[in-house]
Amino acid sequence: MADLPCISVVTPVLNGAATLERNLESVWRSRHWVCEHVVQDAGSTDDSRAILERWQDKTGGFVKPVFEEDSGISDGFNRGLHRTTGKWIAIQNSDDWYDDEAFQHVEPYLDERLTILHGMLRQHRLDGTVRIVGNRSYDSERHFKPLLTMPAQQPTCIIARDVYDRVGHYNTYYKIAMDYDFLLRAHLRGVTFTHIPEVICNFSRGGMSSANTVQGWREMVDSKLNFLDDRIRPRFWYASKLFRYTLRNLFRRAD
């Protein structure tokens, strides 16, 4: 790590024993680039604590578990961020995991500052199918006017510490769309987005954001209305998404 900047990984977890070790293994495997893995356990009642304590010993303190209650995922993100020491910070939920060559793809971009590195994401769906998303580079003219697609897939992001110094941390008001709100604020503060055209992370559909789709859309609209001058299109965007979602569910029930 002497010639590479330190990357800290933050993982919030609550009762994630079923997938936690897969996550821990993917970060530990990347320790040539990653200097620490801060895991914020919000009070798990399953085997998560025992797993984390075992991995803390196994990795000689590379895995740094913290056991304390928080007010939700955003708060878990922020608590973990406060404990990191790296020049770059990545956040990954406990049911996701890094691709084998993720940080090898990231390494050539680590000399840039005040930027959000982001790449492609392999999305594993509940029906067993796999989809690659996030293959578009950020376009300041296309995104946030209003946002039609995410400019970056949060699980793939590796963010320079000075971005957080400029933008602030995650808004704990949001329970689902805290990543959208953060990326919007970063865009408005002049932060650049650097796209890496490689798969960085594996993402499991079925987590909180997947299970609370409509709430996530509502929170995105709220963030848009807080920061953008456009008062009409965000509401129209939400209404059209909700209409299609409702219609699709009606057809599914009919089948």
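1. N15 has a relative accessibility of 38% and therefore counts as partly exposed; that class lies between buried, under 20% relative accessible area, and exposed, over 50%, with a 1.4 Å probe and protein chains only. N15 sits in the loop between β1 (7-13) and α1 (17-28). Helices (H or I, at least four residues) and strands (E, at least two) are DSSP runs, numbered from the N terminus. The phi angle of N15 is near 55°, a positive value in a residue other than glycine.

2. The model is predicted, and local features need pLDDT of at least 70, while side-chain atom pairs count only at pLDDT 80 or more and totals for chains, interfaces and linings use all residues. Residues are numbered from 1 along each chain as its sequence is written, and side-chain values use heavy atoms, with hydrogens and water left out.

3. The overall form comes next. The chain has nine helices and nine strands. Its radius of gyration is 18 Å, close to the 18 Å that the globule rule gives for 255 residues, so the chain is as compact as a globular protein of that length. The radius is taken over C-alpha atoms, and the rule is 2.2 Å times the number of residues to the power 0.38. Along the principal axes, the C-alpha atoms fill a box of roughly 55 × 40 × 30 Å.

4. Of the 255 residues in the chain, 51% are buried. Contact means heavy atoms within 4.5 Å. Among the contacts with a separation of 6 or more, 78% join residues 24 or more positions apart.

5. The surface and the charges can be taken together. The chain exposes about 12400 Å², and carbon and sulfur atoms supply 49% of that area; accessible areas come from the Shrake-Rupley method with a 1.4 Å probe, and for residues only the protein chains shown count as cover. There are 33 positive and 34 negative side chains, and the centres of the two sets lie 7 Å apart. Lys and Arg count as positive and Asp and Glu as negative, whereas His and the chain ends are not counted. Each charge is placed at NZ of Lys, CZ of Arg, CG of Asp or CD of Glu.

6. In soluble globular proteins, nonpolar side chains tend to be buried together. A nonpolar core is here a set of buried Ala, Val, Leu, Ile, Met, Phe, Trp, Tyr and Cys residues joined through side-chain atoms within 4.5 Å. The largest such core has 50 residues, and those with the most contacts inside it are Y98, F103, I116, I158, Y170 and F182. A second, separate core of eleven residues includes Y180, L184, M220 and L228.

7. Residues up to four places away in sequence set aside, F182 touches I116, I159, V163, Y164, V167, G168, H169 and Y170.

8. Helix α3 (residues 73-82) is mostly covered, with seven of its ten residues buried. These are S74, D75, G76, F77, N78, G80 and L81. Their cover includes β1, β2 (34-41), β4 (88-91), α5 (161-167) and α6 (178-188).

9. L114 lies in the loop between α4 (102-106) and β6 (115-124). Phi of L114 is near 50°, again a positive value in a residue other than glycine. L114 counts as partly exposed because its relative accessibility is 21%.

10. T115 belongs to strand β6 and, at 1% relative accessibility, counts as buried. Beyond its neighbours within four places in sequence, T115 is in contact with W88, I158, I159, A160, V163, V191, T192, F193 and T194.

11. H105 is part of helix α4. Residues up to four places away aside, H105 touches I196, E198, V199 and I200. H105 and I200 are 95 residues apart in sequence, while their C-alpha atoms are 7.8 Å apart in space.

12. P151 is located in the loop between β7 (130-133) and β8 (158-160). P151 counts as buried, at 2% relative accessibility. The C-alpha atoms of P151 and W55 are separated by 34 Å, and the two residues are 96 residues apart along the chain.

13. R29 lies in the loop between α1 and β2 and counts as partly exposed, at 39% relative accessibility. Not counting residues up to four places away in sequence, R29 touches Y98 and D100. R29 and T129 are 100 residues apart in sequence and 26 Å apart in space, C-alpha to C-alpha.
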